[in-house]
Amino acid sequence: MFTLPLGDTAQLRPLEPWHVQEFLAHIDRARPHVDPWIPWATFSTDRASATAVLQRYADKQAGDAARIYGIWLDGTLVGGVMFTRFDSASGVCEVGCWLEAAGEGRGLVTRACRALLDWAFAERGMSRAEWWVWSGNTRSVEVARRLGMTRDGVLRKHTEYRGERRDIEVWSVLAEEWPPAAEASAGEVPVSGVKAELDRLTHTLFGAFTNTGGSRPDLGAVREVFIPQGTIIANTGGTDAEPVVYDLDSFIAPREKMLTDGTLTEFSEWEVAERTEVFGSIAHRFSEYRKSGVRDGERFEGSGRKTIQFVRTPTGWRMSSMAWEDA
């Protein structure tokens with residue numbers, strides 16, 4: 001049996017039928033936390049049903065169709081990750097996760113999923129990995145973003161659970177988008193891998209405001225790419241004007257209104273040039289961008305510059321501040 005360290009005192013190991021008693025005790029702790037979003041705990045209510053869940057994955061692993069792994073923290077099972085689907089013929093797999101409250105805030109799921117995806121792409125030659133999540137499950141969406149996935153779309157009213165039909169978001173990452181596994185010593189991610197993560201955060205930030213083709217902007221992504229104490233500064237009033245300083249709430253609210261009430265439509269902005277520097281656990285990016293849209297019925301185009309600061313946190317890189325000016 002293999003064991004992969006996940007940092008600190010956490011480990012990733014195969015989760016097998018003989019773990020059933022430990023698994024059931026963990027599920028009982030996780031039930032209030034997990035069941036509102038996925039029926040995972042519903043399937044394991046006693047020893048027999050819990051054994052059936054683990055045996056089902058063992059049988060699927062024997063057929064190379066799925067796999068399941070547990071996350072142990074200080075010797076206690078606190079969650080896990082799995083390939084819910086693994087189709088080597090098509091080159092497509094699906095990754096999933098769950099976690100009890102005791103394991104939160106340490107980046108365990110993100111690191112465990114990266115280990116699975118490293119193996120799927122590098123060892124098994126998979127072309128595409130998917131992440132299916134019910135809309136509104138912000139924690140799961142945040143993991144997908146940290147893994148560098150792109151939201152492909154929403155399957156509306158796809159699944160019924162607890163008497164309600166729910167939308168499912170489908171996220172994915174392709175083999176050519178996945179950075180190489182870390183090779184540096186002491187568990188450090190090489191600069192190329194860090195750069196890829198900063199690229200993804202920046203891409204997510206720019207995409208948060210898009211409402212072209214009738215799509216809704218995803219302003220919640222701003223909170224996901226920033227630390228909670230993030231600061232955003234607008235220096236758009238000319239040389240004689242004072243910069244306007246926002247916290248995340250005061251920045252998001254007026255822009256969400258403008259992008260959804262018809263004031264600003266067909267809007268998008270995109271990066272056209274950048275320079276990124278990484279210094280250990282901090283980084284800086286100077287970005288040039290263009291934008292276009294329709295404001296109050298009039299089409300416009302523009303450009304500008306952003307400077308973005310990043311910090312590395314226990315759950316991955318985040319933006320700490322951003323300032324921008326229009327050209």
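## A loop residue and a strand residue with positive phi

Asp-296 is situated in the loop that connects β12 (282-295) with β13 (298-313); helices (H or I, at least four residues) and strands (E, at least two) are DSSP runs, numbered from the N terminus. The model is predicted, so local features need pLDDT of at least 70 and side-chain atom pairs count only at pLDDT 80 or more, while totals for chains, interfaces and linings use all residues. Residues are numbered from 1 along each chain as its sequence is written, and side-chain values use heavy atoms, with hydrogens and water left out.

Asp-296 is not a glycine, yet its phi is positive, at about 50°. With a relative accessibility of 60%, Asp-296 counts as exposed; buried means under 20% relative accessible area, exposed over 50%, and partly exposed in between (1.4 Å probe, protein chains only). Lys-157, a residue other than glycine, also has a positive phi, near 50°. Lys-157 belongs to strand β7 (residues 150-161) and is exposed, its relative accessible area being 52%.

## The bent helix α1

Helix α1 covers residues 20-34, and its end C-alpha atoms are only 18 Å apart, whereas a straight helix of 15 residues would span 21 Å at 1.5 Å a residue. The expected span is 1.5 Å times one less than the number of residues in the helix. At Asp-28, α1 bends by about 40°, and the proline Pro-32 follows within four residues. The bend at a residue is the angle between axes fitted to the seven residues ending there and the seven starting there.

The buried residues of α1 are Val-20, Phe-23, Leu-24, His-26, Ile-27, Ala-30 and Val-34. Their cover includes α2 (47-62), β4 (76-87) and β5 (92-99), where contact means heavy atoms within 4.5 Å.

## Two nonpolar cores

A nonpolar core is a set of buried Ala, Val, Leu, Ile, Met, Phe, Trp, Tyr and Cys residues joined through side-chain atoms within 4.5 Å. The largest one holds 34 residues, and Ile-71, Val-81 and Trp-131 have the most contacts inside it. Two or more residues of this core come from each of β2 (10-14), β3 (67-73), β4, β5, α3 (108-123), β6 (128-134), α4 (138-146) and β8 (164-174). The greatest contribution to this core is that of α3, with eight residues.

Leaving aside residues up to four places away in sequence, Val-81 touches Leu-12, Ile-68, Tyr-69, Ile-71, Gly-96, Cys-97, Trp-98, Val-109, Ala-112, Cys-113 and Leu-116.

Within α4, the buried residues are Ser-140, Val-141, Val-143, Ala-144, Arg-145 and Arg-146. Gly-148, with a positive phi near 80°, follows this helix.

Rolling a probe the size of a water molecule over the atoms shows where empty space is left. On a 1 Å grid over the protein atoms alone, a cavity is a set of points where a 1.4 Å probe fits but cannot get out, and its lining residues have an atom within 4 Å of a point. Grid points are joined across faces, edges and corners, and a volume is the space filled by probe spheres set on the points. One cavity of 30 Å³ or more is found in a search of the whole structure. The largest cavity contains about 50 Å³ of space. Its lining consists of Glu-142, Arg-145, Arg-146, Leu-201, Thr-204, Glu-224, Val-225 and Arg-318. At least two lining residues come from each of α4, α5 (191-207) and α6 (220-225), and α4 supplies the largest share, three residues.

## Partly exposed residues and their surroundings

Asp-64 occupies the loop between α2 and β3 and is partly exposed, at 22% relative accessibility. Not counting residues up to four places away in sequence, Asp-64 touches Phe-86, Ser-88 and Arg-124.

Val-278 is part of strand β11 (residues 264-279). A relative accessible area of 25% makes Val-278 partly exposed. With residues up to four places away in sequence not counted, Val-278 touches Val-194, Leu-198, Ala-283 and Trp-317. Val-278 and His-158 are 120 residues apart in sequence, and their C-alpha atoms are 42 Å apart in space.

Terms used
On a 1 Å grid over the protein atoms alone, a cavity is a set of points where a 1.4 Å probe fits but cannot get out, and a pocket is an open set with protein on both sides within 12 Å along at least five of seven lines; lining residues have an atom within 4 Å of a point.
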